[in-house]
Amino acid sequence: METPGSQSSLHRANLERVVRAVRMAGSLTQAEIARTTGLSAATVSNIVRELKEGGTVEVTPTSSGGRRARSVSLSGDAGIVVGVDFGHTHLRVAIGNLAHTVVDEEMEPLDVDASAEQGMDRAQTLVSRLIERNDISRHKIVGVGLGVPGPIDVESGVLGSTSILPGWVGTNPRDDLGARLGVPVYVDNDANLGALGELVWGSGHGAADLAYIKVASGVGAGLVISGQIYRGPGGTAGEIGHITLDEAGPVCRCGNRGCLETFAAARYVLPLLHSSHGPDLTMERVVQLAREGDPGCRRVIADVGRHIGSGVANLCNLLNPSRVVLGGDLADAGELVLAPIRDSVSRYAIPSAARQLEVVPGALGGRAEVLGALALVLSEMGDSTLLDRTQPAARTAAQPTDAAALA
């Protein structure tokens with residue numbers, strides 16, 4: 001048993017600090033680990049050597065500032081994480097390792113009217129198929145990240161009543177999938193996972209404060225503050241789609257009038273073009289036609305951009321993010337939608353906040369949420385559990401006597 005404040009407990013804490021820093025970043029040089037953790041260079045060197053010998057991390061030659069360095073990442077053999085993303089019309093599953101490498105992924109169409117049980121059956125089957133296809137032992141699965149298009153109660157894991165998947169309201173997808181797969185499941189809404197995905201792998205990389213705006217069947221935002229997803233006490237932070245733009249506007253699915261969602265989401269926008277472009281139009285097709293010069297589609301996208309910009313201006317005034325990442329099909333419209341967003345921000349946001357804001361398209365497209373599900377597991381899994389899985393018991397029990405290793 002380790003006594004709090006003892007050399008062994010301090011050493012264990014330092015091991016966990018180093019593993020946590022590497023786990024969150026994907027890979028770091030030893031100098032970056034020292035800066036991130038506050039540990040001395042000698043301590044980091046000793047700990048990295050121990051973690052490498054125990055199979056927890058991998059060390060590869062690299063360069064930093066023109067000088068030779070060593071890059072440290074979690075071992076690809078240390079464990080496997082699984083991401084599951086339920087969308088309005090799709091199910092996407094990905095598997096990756098702890099070194100932030102995506103091993104495999106697959107997507108299937110999903111009937112929006114399917115029940116939660118049917119959806120979970122499909123997810124279980126798809127996860128099993130990917131695991132078997134890549135010859136992965138199930139005991140190596142550290143956890144599963146699960147994304148759903150609706151608000152999640154942080155404490156209970158129950159899906160809220162404004163969910164876009166009507167057959168899922170009141171269900172607990174976290175507990176259901178966890179019971180099926182026999183591993184820890186971490187659940188969040190799709191906008192938060194999109195933010196995580198872009199933060200780790202995409203256009204949000206390097207930004208400590210950002211908002212990921214997803215425009216699809218609904219409109220939501222994932223908020224990153226000081227490098228962490230902000231969910232709020234009830235898990236509903238980021239519902240930017242329900243900012244009121246017009247009190248006399250259309251009735252929203254939430255019961256209010258004139259929400260941003262009623263001016264920007266696909267279900268409200270596409271009918272504007274039905275008389276001229278037919279009833280089978282999709283947002284993806286609207287974006288394609290707009291890029292080809294269709295005047296009606298260009299006008300609609302510009303209007304949507306201005307409305308989104310009004311919501312983003314509110315975010316600027318409240319949270320002052322440094323970057324906004326636009327996701328969903330609309331991001332493919334590029335400057336056709338980004339320029340109107342910037343125009344609205346410059347008009348309605350506090351000038352100093354508007355000047356500091358960068359508005360960019362997402363880099364991951366439809367993969368943002370499932371990659372965010374992988375990142376969710378990487379951010380939520382315990383460092384102690386990882387060390388116990390990879391470090392030999394004798395190694396963690398026998399502590400070095402070098403004073404530098406305890407600094």
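Me: Hi! Where is Arg68 found?
Reply: Hi! In this predicted model, Arg68 is part of strand E3.

Me: And is Arg68 buried or exposed?
Reply: Arg68 counts as exposed, at 84% relative accessibility. The cut-off for exposed is over 50%.

Me: What is Arg68 in contact with, leaving aside its neighbours within four places in sequence?
Reply: With that exclusion, Arg68 is in contact with Thr62 and Ser63.

Me: How far apart are Arg68 and Leu223?
Reply: Their C-alpha atoms are separated by 36 Å, and along the chain Arg68 and Leu223 are 155 residues apart.

Me: OK, moving along from E3. Where do I find Ala78?
Reply: Look in the loop between strand E3 (67-74) and strand E4 (80-86); that is where Ala78 is found.

Me: Is Ala78 buried or exposed?
Reply: Ala78 is buried, with a relative accessible area of 6%. Buried here means under 20%.

Me: Let's zoom out. What does the secondary structure of the chain come to?
Reply: The chain has 16 helices and 13 strands. Its radius of gyration is 23 Å, close to the 22 Å that the globule rule gives for 407 residues, so the chain is as compact as a globular protein of that length.

Me: What box do the C-alpha atoms fill?
Reply: Roughly 75 × 50 × 40 Å, taken along the principal axes.

Me: How much of the chain is buried?
Reply: Buried residues make up 53% of the 407 residues. As for the surface, the chain exposes about 17,700 Å², and carbon and sulfur atoms supply 50% of that.

Me: And the contacts: what share comes from residues 24 or more positions apart?
Reply: Such residues account for 63% of the contacts in the chain with a separation of 6 or more.

Me: Now the inside. Which residues of the largest nonpolar core touch the most other members?
Reply: That core has 47 residues, and the ones touching the most other members are Ile33, Leu51, Val72, Leu74, Val81, Leu98 and Leu386. Helix H14 (residues 368-380) provides the largest share of this core, nine residues. Apart from this core lies another, of 43 residues, including Val219, Ile308, Val324 and Leu326.

Me: Where does Leu130 lie, by the way?
Reply: Leu130 lies in helix H4 (residues 116-133). At 0% relative accessibility, Leu130 counts as buried.

Me: What is in contact with Leu130, again leaving out neighbours within four places?
Reply: Val93, Ala94, Ile95, Asp104, Glu105 and Glu106 are in contact with Leu130. Taking one of them, Glu105 is 25 residues from Leu130 in sequence and 7.3 Å from Leu130 in space, C-alpha to C-alpha.

Me: And Leu289, where is that found?
Reply: Leu289 is found in helix H10 (residues 283-291). Leu289 counts as buried, at 11% relative accessibility. Beyond its neighbours within four places in sequence, Leu289 is in contact with His277, Leu281, Asp294 and Cys297.

Me: What about Asn320, what phi does that have?
Reply: Asn320, not a glycine either, has a positive phi of about 55°. Asn320 is found in the loop between helix H11 (295-319) and strand E12 (323-327). With a relative accessible area of 37%, Asn320 is partly exposed.

Key: Residues numbered from 1 in each chain as written. Predicted model: local features only at pLDDT ≥ 70, side-chain atom pairs only at ≥ 80, totals over all residues. Heavy atoms only, no water. Helix = DSSP H or I, 4+ residues; strand = E, 2+ residues; numbered from the N terminus. Rg over C-alpha atoms; globule rule 2.2 N^0.38 Å. Buried < 20%, exposed > 50% of the residue type's maximum accessible area, 1.4 Å probe, protein only. Contact = heavy atoms within 4.5 Å. Areas by Shrake-Rupley, 256 points an atom, 1.4 Å probe, with all protein chains shown as cover. Core = buried A, V, L, I, M, F, W, Y, C linked by side-chain atoms within 4.5 Å.
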